[in-house]
Structures are given as structure tokens and as C-alpha cells.
Amino acid sequence: MDFISQPFNSLEGKITWQSPSNIALVKYWGKYGDQFPQNPSLSLTLSNCHTTTKVEYKPRKSNSKKYTFSFLFEGEQKPDFHPKIEQFLDRIAPYCPYVLDHEFIISSSNSFPHSSGIASSASGMSALALSLLSIEKERVGLTEEQFLNKASFLARLGSGSAARSIQGPVMSWGHSPFIEGSSQEYATHINSGIHSVFSDYQDTILLIDKGQKKVSSTLGHQLMEKHPYADIRFKQAHQNISRLIEILSSGSLTDFITLVEHEALTLHALMMASNPSFILMHPGTLEVINKVWEYRKETDLPLCFTLDAGANVHLLYPKSNATTIQQFIADELAMYCQNNHYINDQIGDGAKKM
Ligand code: DP6
């Protein structure tokens, strides 16, 4: 697919998109070239954790700088975000030359607390990509499919995992022979062959550490380049994708739990075995994991965990078990969260135009 925009005259307007975060079940960890993933990944799109981004645009008066924009986060000017946005605009300019012809006021806010340790790059970059692409859609017209694929393509150039936040509830990104239409360039949703047990899956995010990550995902991805286990990991991720596709269709929660927890621990094992190595789990992360294992043994309830590149724990379970499991979380796990803070979320359908 050719993602280069037709030229058009600059115009004035504003647009707002709300885009959710997502949680990977098979992890993207390792990239090459222009933000291409070393292996396919598969995620659940969330709903309550989201970023809302308004973009106001007008024709640009010539200026010595390459781009003209201001960025407000929760109402305040945030110049420290400028380099990240400039890098994003640099990457998308070959496909969206209109970012050079307009000036922008970008205003963003998150539904989750800023310092919660929740990665905001997936929701933030996807909301920005959608808002900018809407300018092109309005002017040159794009089919729904072209719009969604290009939005995911642009979001990917901002942050790999952002490619998977455009739609939902189950997204894959990266080519897999087991997923029809899968692509290295953008994510697509898997809309058939998903067992109903997953249709209302819950994700409770335990905020074990709300601080800034000590090691960025970008550095973690880089460390996969010379990682001694890289090849075997990328092969394993391919196998896990094909296995997970079968599991999502069969609805076997036992197999789901085994695969998802193994993926999470593998991600952290890869970090521990990189050079330099790093540990993002905290004592509370391990306490929670052990508690979840004990709880499952005692109750046989299908509660499992997954991890991002951080200390927080995502707890996954079907909605039919929500009352019992949420009581367990409040009684036994909240104490490991900073200020007892956790967020109940659930799977969702992706970004919304406001
Ligand atoms: C562990 O998407 O944050 O969350 O492409 O450098 O922005 P960049 O990385 P990012 O990496 C996410 C890694 C992960 C796993 C995942 O979401 O698949």
C-alpha cells in the first residue's frame, strides 16, 4: 500500500481523537529499520486508559524552524515533549507532507494519572497520528480501510506499540503466516475466530511503581540487537502467535494463562540477560505474581498476569469472574500498589473521533 498523501492546499480547522492504551499478550521486543518489529505481536486494546488529543491547525506562515507547533499537556505548555514530537513529524513528513504546510496547537490529556508508570506512548502517539491524518482524510478522502491502516502505520512510526491502539479488541502487528492480512507496516484487528469467553476480558492494572521507567523501551529494543538469545526469541514469538491464535479460537483458558504468563516472564528474562542487563520488576511485582499463582491453585479461577516494560502488573480475567477476583485484588493485592492505587480496565474497540 502506498501511504504518501496527495498534495492539497493548507486549511484551517480542529479535530479531536481519543485513543486507548493496549496490553500485549505476545510481546514486541526488538526492532529494526524504520520501526519494523523483529517478530509479530498480539495485543488486547483497552478502554478506560486513554489519551485525548485535540489538534488545531491552520496554514503556516513561513518560519525559520522546520515545524511550527505548540504542545500542551493537561493545559500546560510542555516544551520537554517537543523533541519526541519533532522526531515523529520527521518520520511521518515523507507520507504527510502537509505537516510542513500547517501550524499546530496540540493539546493532550490522559485518563490515567500522568505518573502512573502506564506507558502513554501507545495511546498518545495513536491519538496524534489519528488527528493529523484526519486533516488528509477531510481534504483528499480516504476509504475507512485506508484511513485505519495509514493511522496505524503513522502511529507505528511514533511508537511501535501505538500501531495496535487504533482498533480492537484483538490486534496483531508484524507479519505472521498464521494471520491473514498481517503486516510489518501496520496493525490489523482479528475480528473472527475469537471465542466468546474473551469478548469481555478484564484488565486490572496494579500500579506497583508510578515512577518514570529507568530504562526506556527504545533502549530495551536496541539491546535485542546483540542479544545472545535474540534469534531463538524471535522464533519463539512466531510460534506463540500461532499457538495464541488457536487458543483464542478454542477458548482454553488454561492454555491462555500458560502462554500469556510465559510471554511476560520471557520479556523480563530477556532484559535480565541483555548486556547491560536490567531489572524492571520490583519486589511488589514478584509478591503479586506469587499471590496470583497461590490464588489460582486454591480457587481454580482463571486469573493470570502479564507485564509491560515496567514494574506494574496487568491482571487478566473474564468478566464472569470479576466480582470474586476484584474482591481478592482489593483484599490481597492492593497493598502492593503505590498508595493502594490500581485501575480496573477492560477490552475495547479502539480509538474514537470526538
Ligand atoms: C514491552 O512501543 O514502547 O510494551 O517502538 O520504541 O516506542 P517503541 O517501543 P514501545 O515498546 C513496547 C514494548 C512492550 C511490549 C509490547 O507492547 O508489545
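Predicted model: local features only at pLDDT ≥ 70, side-chain atom pairs only at ≥ 80, totals over all residues.
Let's start with the ligand. The shell around the ligand holds 17 residues, and those that come nearest are Tyr28, Ser159, Gly160, Ser161 and Arg164. By class, the shell splits into 5 nonpolar, 8 polar and 4 charged residues. Helix H4 (residues 217–223) gives the most to this shell, with 3 residues.

| Residue | Distance from a polar side-chain atom to an oxygen atom of the ligand |
|---|---|
| Ser161 | 2.7 Å |
| Ser217 | 3.3 Å |
| Thr218 | 3.2 Å |

How much of the ligand does the protein bury? Taken alone, the ligand exposes 460 Å², and the protein buries 93% of that.

Now for helix H5. Buried residues of H5 include Ala230, Phe234, Ala237, Ile241, Leu244 and Leu248, along with Arg233 and Asn240. What do the buried residues of H5 pack against? Their partners are strand S1 (13–26), strand S4 (41–59), strand S8 (170–173) and helix H6 (253–272).

Setting aside neighbours within four places in sequence, Asn240 is in contact with Val26, Arg233, Leu259 and Glu263. Just after H5, Gly251 takes a positive phi of about 80°.

Most residues other than glycine have a negative phi, and most peptide bonds are trans. Gln35 has a positive phi of about 60° although it is not a glycine. Gln35 lies in the loop between strand S2 (31–32) and strand S3 (36–37). Glu74, also not a glycine, has a positive phi of about 50°, and its place is the loop between strand S5 (68–73) and strand S6 (76–77). Buried or exposed? Gln35 is buried, with a relative accessible area of 5%, whereas Glu74 is partly exposed at 43%.

There are cis peptide bonds to point out as well. The bond from Gly168 to Pro169 is cis, with omega near -5°, and Pro169 is found in the loop between helix H3 (144–158) and S8. The bond from Asn275 to Pro276 is cis too, with omega near 0°; Pro276 is in the loop between H6 and helix H7 (283–299).

Definitions and conventions. Residues numbered from 1 in each chain as written. Heavy atoms only, no water. Buried < 20%, exposed > 50% of the residue type's maximum accessible area, 1.4 Å probe, protein only. Helix = DSSP H or I, 4+ residues; strand = E, 2+ residues; numbered from the N terminus. Contact = heavy atoms within 4.5 Å. Near = heavy atom within 4 Å. Polar contact = N/O pair within 3.5 Å; in protein donor to acceptor, adjacent residues only side chain to side chain. Areas by Shrake-Rupley, 256 points an atom, 1.4 Å probe, with all protein chains shown as cover. Nonpolar A, V, L, I, M, F, W, Y, C, P; charged D, E, K, R; others polar.
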